[in-house]
Amino acid sequence: MRLPTARNGGGLGLAAISYVLIDYLRHFSPSWHSRLQPVLWTVLVLIALSRVPFYRHWSAEFRAVIPFVASMVFMLATLLFESVSVRFSTAVLGLDWHSDTPPLPDTGQWLLLALNEKLPGTIVEILRARIIGLHHYLMLFMMLAFSVLFDSVEAPGFGLGARYMFTMAIGRLLRTLTFVSTILPSARPWCATTRFNVPTYPHHWAQKYYVPYALDTDAIRQILRYDIAYVDTGDYPGDYRPDWGSMSFLIDFLRPIGSEGSAWYSLLKKAEGGCNDLIFSGHMLVAVLTAMAWTEAYGGYSSGVIWLLVFHSAQREIRERHHYSVDCVVAIYVGILIWKMTGFIWPLKNKFRRKKLAKLEKIQGRLVQAAKDSDIDKVNELLREVGLGNQESQNQGPSRAMWLFAGATIFSAFTVVLLALTWTSGG
């Protein structure tokens, strides 16, 4: 498939690559980073604001707001479900299991260690470099969405955002259902004890249905034969049970301890990611969706650069043992497939093209007759009729309500950018 050609001379790609390079200065020249990054963001914001009065697609943006808000709500609900599941996957077996269980064999990790011995040192250092992280991919998408102001990307920007959020929500939901189905040991055995305050012993579910059969092959044969948990586990330690009111059903999933406070939602903010293997990688899902959005909406050389950064991120996730190789491989093809499946959300240009073709078929006879009569005025009138919807919206000046909507949109968008920078700067 041929990539779409980047418009406006590739300025968006140059801005995106400049953002990544300037942000990377923090690793070897913090003083230059502190000087250049505010300058870059100030220039980008001023350029975007200068284009707001000339933007012609506010009505299309207004129609796309409801799908965008719905996608955001779906995304937030999915993240809440994921956070509960992340904590449950770690807490249900207790901290002792996580520290005592060895990591799974990973041929991808072996390959990268072998390449360290074969490749030149400079190449190995480039592969190890933390060039791009989660917040970079989110910011790259923000820049892509804002580029509708310059007609670099098909409007509406909210439509592109709705597709991105909806696709990511579907991906996070599939990811959660995957990793919560089978609990896999972390590639970092010490992770759970440093991040989670949960009991060291397994939950009574695991003590009844897993522990008696985990290491005894004869016990596993018996449970296969009778299809029932036949071992009497006797008495097991009870968990701390705070009063969470209507949310008390979460106690068995979150397994709090007395020193963590009384609020259930505060437990979900402390983990900063899970510690058992969460197949597939959420970081890689964000990276792939950003690359897919960039490739479809903008294209050009910058899309190729972003895909190179995606693969660089994948090998770093494996190299630093944040994930197994399978997590990154699955995230790449799942992200691509889900993005392809949500094409009905954005762009809408195919829908508009079909409408214009339908109108053209209706007036085809009159258009041919006007051409035979050399009636240029009639031909122009009929052609304007085909594109009437777009022409009217472009010729009419924006109303006061539309200007209020534009102002609220720009303010909200910049607020989201600042929050994303703050909340995801640590990865």
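Proline 156 is found in the loop that lies between helix H7 (134-146) and helix H8 (157-179), where helices are DSSP runs of H or I with at least four residues, strands are runs of E with at least two, and both are numbered from the N terminus. The peptide bond that leads from alanine 155 to proline 156 is cis, with omega near 5 degrees. The model is a predicted one, in which local features need pLDDT of at least 70 and side-chain atom pairs count only at pLDDT 80 or more, while totals for chains, interfaces and linings use all residues. Residues are numbered from 1 along each chain as its sequence is written, and side-chain values use heavy atoms, with hydrogens and water left out.

The secondary structure of the protein chain comes to 21 helices and zero strands. Of the 427 residues in the chain, 43% are buried, a term that stands for under 20% relative accessible area, whereas exposed stands for over 50% and partly exposed for values in between (1.4 Å probe, protein chains only). Among the contacts with a separation of 6 or more, 79% are between residues 24 or more positions apart, a contact being a pair of heavy atoms within 4.5 Å.

In soluble globular proteins, nonpolar side chains tend to be buried together. The largest nonpolar core of this model has 73 residues, and Leu140, Leu144 and Tyr164 touch the most other members; such a core is a set of buried Ala, Val, Leu, Ile, Met, Phe, Trp, Tyr and Cys residues joined through side-chain atoms within 4.5 Å. When neighbours within four places in sequence are left aside, the contacts of tyrosine 164 include Tyr137, Phe141, Val286 and Trp339. A second, separate core consists of eight residues, among them Val84, Trp244, Leu250 and Leu254.

Leucine 285 is placed in helix H14 and counts as buried because its relative accessibility is 0%. Although leucine 285 and glycine 335 are 50 residues apart in sequence, their C-alpha atoms are 5.7 Å apart in space. Beyond its neighbours within four places in sequence, leucine 285 is in contact with residues including Met168, Arg172 and Ala331, as well as with Phe280. Phenylalanine 280 itself lies in the loop between H13 and H14, and a cis peptide bond, with omega about 10 degrees, joins isoleucine 279 to phenylalanine 280.

Aspartate 277 is also placed in the loop between helix H13 (264-267) and helix H14 (282-297). Aspartate 277 is buried yet has no salt bridge, and the nearest side chain of opposite charge, that of arginine 175, is 7.8 Å away; a salt bridge requires a side-chain nitrogen of Lys or Arg within 4 Å of a carboxyl oxygen of Asp or Glu, and for charge Lys and Arg count as positive and Asp and Glu as negative, with His and the chain ends not counted.

Two arginines have a positive phi value, in each case in a residue other than glycine. For arginine 255, in the loop between helix H12 (251-254) and H13, phi is near 45 degrees, and this residue is buried because its relative accessible area is 1%. For arginine 321, in the loop between helix H15 (301-319) and helix H16 (325-341), phi is near 60 degrees, and with a relative accessibility of 31% arginine 321 counts as partly exposed.
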